[in-house]
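Welcome, and thanks for taking a look at this one with us. Please keep the viewer open while you read, so that each contact can be checked as it comes up.

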Amino acid sequence: MTTAAIIVAAGRGTRAGGDLPKQWQLLAGQPVVARTLAAFRAAPGVHRTLLVIHPDDRARAEALPDVAEGAVELVEGGASRDASVRNALEALAGRGVKHVLIHDGARPLVAQALIARMIEALDASPGAAPAVPVSDALWRGEGGRVVGTQDRTGLFRAQTPQAFRFEAILAAHRAHPGGAADDVEVARAAGLEVAIVEGCEDNLKVTYPGDFARAERLLTARPAP
Ligand SMILES: Nc1ccn([C@@H]2O[C@H](COP(=O)(O)OP(=O)(O)OP(=O)(O)O)[C@@H](O)[C@H]2O)c(=O)n1
Ligand SMILES: C[C@](O)(CO)[C@H](O)COP(=O)(O)O
């Protein structure tokens, strides 16, 4: 059973700031996306890895050892995350891929246990996605004031890798008009069942400037391999 990993890293990281898009900034001495790639390259259940890049980042991507050695295939992304995912799915079409994990390049702390859980979840469901529960009260705000509250019952904070049977998510993306926040939204629009899998608080998405230091603290707190 061929399982592919799609690592989406074609964004511009505007919320994170910095001289480079966030996925190319260093985290404890390595580019964020290099750490993300390493996690999937080390996962025994992942047989093929694609890295989705912005055309402006091609030279950086080609300098990554896994790419230079031909172990990771590059695909050019699109103007939105879902367009980037669609480009990668189309690049894999017709190549015998049965399962696919779709992961943010900006989530470098993904654990091996989570990757394994996502692969296993596809035995029982055409789609599966990791999430963590909402543990804070939720408000609606306008002009710096609370204007309402939101019941958090049944709400989850979505993470990646989001896992799917390949043909099902390819068809779902082909049928979707675009603009989805994640691949679960695309899958559900096509009527696909998506199982919720326990995520991990450490599986943060580097989004804002402070996330680099937070990720570095988590990284250095990890037990040595
Ligand atoms: N056109 C896009 C937009 C986003 N992504 C990727 O999707 C992941 C999640 O997106 P996000 O965190 O929003 O990244 P950016 O779009 O780069 O961030 P920002 O919105 O701050 O610009 C990131 O790894 C990003 O590189 C992508 O591959 N193609
Ligand atoms: C895909 C995702 O990481 C799931 O939480 C999230 O939707 C990405 O959102 P962003 O605004 O593109 O960072």
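The report below goes through the two ligand sites and then a handful of individual residues.

## Ground rules

This is a predicted model, in which local features need pLDDT of at least 70 and side-chain atom pairs count only at pLDDT 80 or more, while totals for chains, interfaces and linings use all residues. Residues are numbered from 1 along each chain as its sequence is written, chains are lettered from A and ligands numbered from 1 in the order in which they are written, and side-chain values use heavy atoms, with hydrogens and water left out.

## The site of ligand 1

Let us start with the shell around ligand 1, which holds 19 residues; a residue is near a molecule or strand if one of its heavy atoms lies within 4 Å of it. The closest are Gly13, Thr14, Arg15, Lys22 and Ser84. Sorted by class, the shell has five nonpolar, eight polar and six charged residues. Here Ala, Val, Leu, Ile, Met, Phe, Trp, Tyr, Cys and Pro count as nonpolar, Asp, Glu, Lys and Arg as charged, and the others, Gly among them, as polar. Strand β1 (2-9) and helix α4 (81-92) each supply at least two residues of this shell. Both names come from DSSP runs numbered from the N terminus: helices are H or I with at least four residues, strands are E with at least two.

Which backbone atoms face oxygen atoms of ligand 1? A backbone N or O atom of Ala10 lies 2.9 Å from an oxygen atom of the ligand, one of Gly11 lies 3.0 Å away from a ligand oxygen, and one of Ala9 is at 3.4 Å. These are polar contacts, meaning pairs of N or O atoms within 3.5 Å; within protein, one must be able to donate a hydrogen and the other to accept it, and residues adjacent in sequence count only if both atoms are side-chain atoms. Taken alone, ligand 1 exposes 560 Å², and the protein buries 86% of that. Such areas come from the Shrake-Rupley method with a 1.4 Å probe, and for residues only the protein chains shown count as cover.

## The site of ligand 2

Around ligand 2 you will find Arg15, Arg81, Asp104, Arg107, Ala158, Thr160, Ala181, Asp182 and Lys205. By class this shell has two nonpolar, one polar and six charged residues. In its polar contacts, a polar side-chain atom of Lys205 lies 2.5 Å from an oxygen atom of ligand 2. A polar backbone atom of Ala158 is 2.8 Å from a ligand oxygen, and an N or O atom in the side chain of Arg15 is 3.0 Å from one. On its own, ligand 2 has 360 Å² of accessible area, of which the protein covers 72%.

## Buried or exposed?

His103 belongs to strand β6 (residues 97-104). It counts as buried because its relative accessible area is 0%, where buried means under 20%, exposed over 50% and partly exposed in between (1.4 Å probe, protein chains only). The side chain of His103 reaches the backbone oxygen of Arg107 at 2.9 Å.

Gly143, in the loop between β8 (138-142) and β9 (145-150), counts as exposed because its relative accessibility is 82%. Gly143 and Arg165 are 22 residues apart in sequence and 44 Å apart in space, C-alpha to C-alpha. Ala168 lies in helix α6 (residues 166-175) and is partly exposed at 24%. Ala168 and His99 are 69 residues apart in sequence, with 9.4 Å between their C-alpha atoms.

## Backbone details

A cis peptide bond joins Thr160 and Pro161, with omega at about 15 degrees. Pro161 lies in the loop between β10 (156-158) and β11 (162-165).

Ala28 has a positive phi of about 50 degrees although it is not a glycine. Ala28 sits in the loop between β2 (26-27) and β3 (30-31) and is partly exposed, at 34% relative accessibility.
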